[in-house]
Amino acid sequence: MKNWLLLAAAILCEVIATSSLKSSAGFTKLLPSVVVVLGYGAAFYFLSLTLKAIPVGIAYAVWSGLGIVLISVVAWLVHGQKIDFWGLVGMGLIVSGVLVLNVLSKTSVH
């Protein structure tokens with residue numbers, strides 16, 4: 001369970017860092033730029049810790065899949081990005097894929 005919490009921390013840090021990229025205005029604004037650099041550093045650190053117990057393919061699939069969905073939600077809420085029906089369908093498929101990997105696949109470590 002601890003490894004999955006570390007992966008969740010990696011995802012959260014990556015979402016914060018990626019979401020701050022827009023606010024950094026091409027790294028011309030100091031505070032959002034610092035958040036980007038620290039966020040990615042923390043994300044990779046936490047991801048590296050999870051790889052001691054979770055296979056890299058599974059960890060990366062969960063990290064990237066949930067990251068896409070969460071960043072899209074943040075972009076919608078914070079930056080007013082529009083998400084159409086097909087975007088929601090695609091994100092639903094990503095979440096479904098992550099669930100299949102974690103619930104049904106023997107590849108994942110539980």
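I began with the crossing: α3 passes α4 in a left-handed way, meaning that the near helix is turned anticlockwise from the far one by less than a right angle. I noted that this is a predicted model, where local features need pLDDT of at least 70, side-chain atom pairs count only at pLDDT 80 or more, and totals for chains, interfaces and linings use all residues. Residues are numbered from 1 along each chain as its sequence is written, and side-chain values use heavy atoms, with hydrogens and water left out.

Next I looked up the geometry. Helix α3 (residues 56–79) and helix α4 (residues 85–104) pack at about 150°, with axes 10 Å apart. The two are therefore roughly antiparallel (an angle over 145 degrees).

Which residues make the contact? On α3 I found I58, A61, V62, G65, L66, I68, V69 and S72, and on α4 M91, I94, V95, V98, L101 and N102 (contact means heavy atoms within 4.5 Å).

I then followed V62. Leaving aside neighbours within four places in sequence, V62 touches W4, L7, I11, G67, V98 and N102. V62 also turned up in the largest nonpolar core, which has 13 residues; L7, I11, L47, V62 and W63 have the most contacts inside it. Such a core joins buried residues (under 20% relative accessible area) through side-chain atoms within 4.5 Å. I saw that α1 (2–23) gives this core its largest share, five residues.

Last, I checked A53, in the loop between α2 and α3. Its C-alpha atom is 27 Å from that of M91.

Terms used:
Axes fitted to C-alpha atoms, helices over the stretch in contact; angles between N-to-C directions. Helix = DSSP H or I, 4+ residues; strand = E, 2+ residues; numbered from the N terminus. Parallel < 35°, antiparallel > 145°, perpendicular 65-115°, else oblique. Buried < 20%, exposed > 50% of the residue type's maximum accessible area, 1.4 Å probe, protein only.
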